[in-house]
Amino acid sequence: MHDSSTAVQGEAHGAAHNPALLHHFATEEQQRDSANLGMWIFLATEVMFFGGLFCAYLIYRGWYFGDFAAASKSIDAALGGANTAVLICSSLTVVLAIWAAQTSRRALLIGMLILTMLFGLTFLGIKGKEYKDKFDEHHVPGASFSFDHEPIPGHPDQYANPKHAQIFFALYFIMTGLHALHMIVGLGLFAWLLWMAWKGRFTPEYHTPLEIGGLYWHFVDIVWIYLFPLLYLIDRHP
Amino acid sequence: MSDHSKSSPLPTYFSVWIALLAGTLITYEVAKIDLGVFNAAVALIIATTKALLVALFFMHLKGASEKLLKLVVISTVFFLFILLALSMADYGTRLWS
Amino acid sequence: MSMSMATATVQPAGQTIERENYLNKHYGVGSWLFTTDHKRIALLYLLSITFFFFIGGFFALLIRLELLTPAGDLVQADTYNKLFTMHGQVMVFFFLIPSIPAVLGNFLVPMMIGAKDLAFPRINLLSWYLYIIGGAMMLHCMLTGGVDTGWTFYVPFSTAFSNTKVIEAGLAIFVAGFSSILTGLNFIVTIHRMRAPGMTWSRLPLFIWAHYATSIIQILGTPVIAITLVLVVAERALHLGIFDPKLGGDPLLFQHLFWFYSHPAVYIMILPSMGVVTEIIACFSRKRIFGYGFVAISSISIAVFGFLVWAHHMFVAGISVYAALVFSILSYAVAVPSAVKVFNWTATLYKGSIRYDAPMLYAFGFLGLFTIGGLTGLFLACLGIDMHVHDTYFVIAHFHYIMVGGALMGYLGGMHFWWPKISGKLYPEGWARLAALIVFIGFNLTFFPQFILGYLGMPRRYYQYPPEFQVLNVLSTAGATVLGIGYLLPMIYFLWSMRYGKPAPDNPWNAAGLEWKTPSPPTTFNFEEEPVVTWEAYNYEELDAPHKEEVPVAR
């Protein structure tokens, strides 16, 4: 129920309402709260979407811990860590962008949006390098996959089972690939937000698209926060 | 969303940012120490702390005027937990008899 | 934008100008394909799901024709596999799951809460387009070879051995799934944010509570089958090993992920129907629903508990017996909220002024058939029984009692109940009662023999069977024919009524609910002024008070 305690006329077209107010909403607050709730619910669906992959990962990690550890060791934890830092910084620039909109700092807003996108592109670049490395090492699942004679961490006399390692890499590529896809969508979203900011569409009273775009971006960050230790750091002790 | 707090949120944002980076570094370094089965637990605890920081402060869950958004988050996490836990009820007990 | 309604004015020659409503406000295909009016979108869905109902029904017809004789003589075995697969996929994903929410829900949710539209009208239209795209992909798949894995897509057959169009079918359902997710998202935000002043949670019609619970399931469950289908497609295309035992994968992992959605999906299919039945029973008993709070909470409970029971589809698949025990107990628990509803509906009927109009006939049918379906679910929850009847016709009878005897009858009841509001016309009551009777008889003739067949051991998904099962199969096919006639009748007379039916008054049933305070059919924005609600739901005592002006329509 929206907040007015008095009956609101069916037509909410007061003297000077924000042109962004859609007319099936009674107030701007109702519209903003709806958009916010809508994005949070969408993020809930995304959690469950990735959740299925985490479930598969959890089960196979339990079954094939040694093989997974060997496979995990072969991906670059420093790059993964760097990417984590990149995304964390991008989340900061997002909240700073919103603060800039709230305080009418147009230049800062645009700067932070651009910076966010640069961080996103950096993330994708590092990811691309990682993928290329895996391709070169024949760790991409499929016909040319090979993972022979890789010792299991902590058990130097045992070799990892390539079939089980392939499952790790399948999950690695699907999970990080899906994440990267979401990142690309996020970049597209922020390009649009940047265009709107450039056009001066955001004010301290109205910057809802920034807020909900920010929510999406932070979610993509949170997924990576979990992917990093689970994929890269299974068994890193020497 | 209601008005943000009157005082500047910037110190909070930067503190959270530093905490997140520190958490990442700690995760990376602790992974090199052999804690046996606790390696995974520590990594996930740190990850969850980071996720909570992002959700509460960057996504403004902490200042949300109504409990609904927190309910959405808690419900979602609960059902994800159900998926993982009840699946493990099968996988974890298959070898029991 | 002005909301002036052209009231019916009398021209000198005695002709009236039709009042402006959502149907005649704009004309042309474009005004329909680019509409954001929730009522028009509901009708777009109505046409689409009816189309897919015919397709699913066509496959059912072929199945039942094949099963007239013990020998496999109508189609080949591989073809039969495709028939039951596509019957299931079309009926589940393209008919039952959208049906009530996308048609009745879309139409009524904003009106019942006093809103002008859903929270996100354009996303509503997008969800229809996603449904159409998924449907087109599914049609194309069916026309170019079809799929034979069973609607359940079990691995490793679907990923490694089937040579039918698994990927296309999987992607079609993936796309349609997002239609479902967006509908659920829209409903939840709408119900939270768009209620009219005075419309507190405890004044909401139980139809709304039911759709709220359904939307929770759509939001949390559908993404899991989405990712599962992605994995199946990836596995099939790239031979990754995630589900392949030869490569270390576990086929049961697929089943866990698949059923994590597909069990709650059955609650997506039944909950809205329960909401419809609640509205109908209250109206045609002229009583407030007994135990409003219990019914509301039971809807939410079904949504929550429904997520805890999925592995009861896997009792004989190889899960650990300890897990089976846990899921069996939880499956008994999930029946409790459904039973609560049945008790409350029955208590509502007690000492009510019962009217036997067509919607009420469907509601009565629902009550009996859903109860049978639900009770047989408890038989299946029992591990000892399930060992014997799993994958037999007992299971098929169980879920058809709920899906067809329950959900579909609720849908038909709801279509009759709200038809005057949707179309502005009255359907012919005599024909409607006849059709309801035919559906009820046809349904029981079709599916009751299947309980017996399953108990006697006839497996499902078989196109040949031992000769001693023939009589029951023939009865079932005969029933299916009768059922088909029962379904065709409403389609015919609903269409007929749009042209020749009597114009409907605003509230032909003198029913409670904000939707009945609008004209029939409503204007595009539903309410002239935003309603302010000061009364409780189901205020039938007030409505039936002697000095009330509104007179029930004469037949």
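A: Chain C has an average pLDDT of 94, with 95% of the residues scoring at least 70, where pLDDT is the predictor's confidence in each residue, from 0 to 100. Residues 1–11 of chain C, however, have a pLDDT below 50, although this stretch has 18 contacts in the model beyond near neighbours in sequence; two residues count as in contact if their C-beta atoms, placed from the backbone, lie within 7 Å. Where pLDDT is low, the predicted coordinates should not be read in detail. This is a predicted model, in which local features need pLDDT of at least 70 and side-chain atom pairs count only at pLDDT 80 or more, while totals for chains, interfaces and linings use all residues. Residues are numbered from 1 along each chain as its sequence is written, and chains are lettered from A and ligands numbered from 1 in the order in which they are written. For the complex, the predictor gives an ipTM of 0.92 and a pTM of 0.93.

The contact between the two chains draws 36 residues from chain A and 39 residues from chain C. On the side of chain A that touches chain C, the elements giving two or more residues are α1 (28–63) and α5 (162–198) of chain A, with helices being DSSP runs (H or I, at least four residues) numbered from the N terminus. Of these, α1(A) gives the most, with 17 residues. By class, this side of chain A has 18 nonpolar, 15 polar and three charged residues, counting Ala, Val, Leu, Ile, Met, Phe, Trp, Tyr, Cys and Pro as nonpolar, Asp, Glu, Lys and Arg as charged, and the others, Gly among them, as polar.
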